[in-house]
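Hello,

Here is the structure I promised to pass on. Please have a look, and my notes come after it.

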Amino acid sequence: MSSTADHIIEADKLTKRFGDFTAVDAISFKVKKGEIFGFLGANGAGKTTAIRMLIGLSRPTEGEATVAGFDVYRQADKIKENIGYMSQKFSLYEDLTVRENIRFYGGIYGLSRKKIKEQTGRIIEEVGLENSAGNLVGSLPLGWKQRLAFAVSMVHSPSIVFLDEPTGGVDPAARRQFWEMIYQASAAGRTVFVTTHYMDEAEYCDRVSIMVSGKIEALGSPAKLKEDFSASSIDEVFVQLARGGAVISD
Amino acid sequence: MRRLFFIIQKEFIQIFRNKAILPMMTVLPIIQLIVLSYAANNEVRNVDIAIVDQDHSSYSRLIIGKIQASDRFTIVEAPLSAKRGDDLLQSGGADIILTVPPAFEKDFLREKTADLQMLVNAINGQQAIVGAAYLGQIIQSFNRELMADAAPRLAAIRTSPQPRIDITYSNWYNADLDYKTFMVPGILGELVTILIMVLSAMNVVREREVGTIEQINVTPIRRWQFILGKMLPFLFIGLTLLAVGLTAGKLIFDIPTEGSLWVVFAFCLLNLSVVLGMGLLISNLVDTQQQAMLIAFFFIIVFVLMSGLFTPIESMPEWAQYLAVPNPIAHFVSVMRQVLLKGSGFADVQYQFVVTGFMSLVFNALAVWSYRKRD
């Protein structure tokens with residue numbers, strides 16, 4: 001493995017098995033500091049399981065991985081201080097207001113009162129919730145909820161943020177707005193690790209990996225992948241891989 | 001420590017914002033306390049009695065008069081035949097049949113001994129035993145009066161009066177044998193325990209169902225901080241409920257508070273920590289609130305029925321008495337009664353403190369252990 005200086009996430013033959021089923025099969029990849037890394041794959045390809053191993057929610061069966069320079073087996077708590085995570089399932093408290101959610105997460109990340117106040121103002125402005133800051137989160141439209149969840153996941157200014165299918169179920173306009181937030185985070189020097197099964201979103205990433213049945217079958221910049229597979233879009237690359245995967249498994 | 005504060009703050013906001021939990025914590029327990037204390041009553045009143053008077057003497061009328069005067073008995077019928085008496089017992093029309101045989105008075109005066117027959121419907125054992133005992137008391141007092149009445153005449157025959165032993169007794173700690181005085185403290189202990197167990201069993205699993213637990217698990221929060229942050233608000237609620245309940249008990253039932261309330265509250269705190277540990281353990285081990293409810297319900301039923309609240313633990317079989325040792329409701333009920341009614345001090349309930357303290361350590365360690373941040 002090369003030095004960790006310019007790689008903020010490194011995975012080497014990372015594997016997770018549930019009984020006989022191998023959900024993630026010896027995946028290896030490196031993510032550079034500050035890039036937007038797209039982690040693509042069909043539903044059930046093993047994306048969420050892979051993310052959960054990287055952020056310390058799931059213990060790998062085999063393989064090595066470091067996140068922000070910390071080992072996933074032994075330094076999970078250190079990793080947690082340095083990452084933000086937005087899960088597939090919306091997970092702010094719907095029965096708390098926007099402000100209360102920000103205060104709570106700021107608080108358990110150990111921010112000072114002053115810092116929490118600062119962040120609250122910044123997040124409310126960034127997401128555009130000036131008029132609904134005192135409303136229960138449950139009453140917000142889904143697109144706003146997701147942008148709020150993204151902003152809250154970065155309340156402690158982590159160096160990496162993991163997004164697990166962040167744009168599921170919202171309209172194209174809301175997805176666009178969400179990606180603008182991703183660009184802002186990236187421009188602020190944050191590494192963004194994002195899973196999706198919307199192949200058009202892949203075009204927005206610096207580099208993407210495509211996972212099929214637990215394995216990473218392709219990895220590179222969108223342009224390079226299209227060239228390698230002589231395809232006009234990532235969508236086509238994906239379809240070729242999915243078909244190829246099926247042939248192999250036969 | 002600051003993290004703990006933010007969890008507690010969040011729990012309180014959620015609890016007080018939940019439309020179902022708030023009345024569940026305040027109004028319902030008070031209503032239960034009142035209804036249960038009046039209704040779940042082992043006192044035997046209104047024993048239906050039928051008296052078959054085959055003697056029709058002044059003595060038999062005296063007995064009937066005494067029974068009539070007692071507020072425990074209702075004379076449903078005074079049939080003429082023993083056959084009719086048996087029918088009444090069979091049909092459930094009467095709980096006790098008292099038969100005064102023919103020549104009862106004559107026998108008494110002539111031989112100084114006469115028999116009465118008491119038939120008791122013992123299907124409801126408690127009712128039967130207590131009813132029979134009351135009737136026995138009445139007949140005994142009747143007997144004494146007759147003896148006293150006959151004494152001068154007897155004295156004329158005998159040289160010395162017949163020696164007699166009378167037992168006088170008084171009921172300590174609950175002088176009027178007021179059943180409610182006995183029940184209210186116990187029921188209060190039971191209610192507080194049940195409520196806290198249910199609330200805590202539903203708590204962590206609700207976060208799992210909604211998905212917020214994932215978000216907590218990716219923060220660097222410590223497991224004990226999370227569990228403690230969940231517990232403290234419930235401890236506060238439990239103690240508040242106890243205070244409200246004791247006040248209600250005092251105002252409505254005038255229950256005595258002989259011992260130190262500090263001991264009561266200190267024990268409540270310790271006992272709730274056990275219950276919370278159990279509740280959170282359940283919550284950590286299940287996947288849905290429904291499962292949590294079912295499991296909590298199972299334990300609550302066993303705890304309540306074997307707590308000594310309604311039936312004394314001392315009269316359970318020996319193996320069942322051992323089951324009372326890890327039963328938090330049993331200890332709570334016992335401490336409430338001892339301290340409030342008898343005025344026991346800390347030294348008298350040391351045993352309960354030690355056992356409960358030990359259980360608190362065990363269950364809270366299990367609760368922290370079973371809360372997994374990573375699978």
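This is a predicted model: local features need pLDDT of at least 70, side-chain atom pairs count only at pLDDT 80 or more; totals for chains, interfaces and linings use all residues.

Residues are numbered from 1 along each chain as its sequence is written, and chains are lettered from A and ligands numbered from 1 in the order in which they are written.

Chain A contains nine helices and 10 strands (DSSP runs numbered from the N terminus, helices being H or I of at least four residues and strands E of at least two). Its radius of gyration, taken over C-alpha atoms, is 18 Å, which agrees with the value near 18 Å for a compact globule of 250 residues (the rule is 2.2 Å times the number of residues to the power 0.38). Along the principal axes, the C-alpha atoms of chain A fill a box of roughly 55 × 40 × 35 Å.

Of the 250 residues in chain A, 44% are buried (20 or more other C-beta atoms within 10 Å of their own, with C-beta atoms placed from the backbone; 12 or fewer is exposed, and in between is partly exposed).

Now the backbone. Most residues other than glycine have a negative phi. A:Lys13, in strand E1 (residues 7–18), has a positive phi of about 50°. A:Ala68, in the loop between strand E4 (62–67) and strand E5 (70–71), has phi near 55°. A:Lys13 is partly exposed, with 13 other C-beta atoms within 10 Å, and A:Ala68 is partly exposed with 19.

Best wishes
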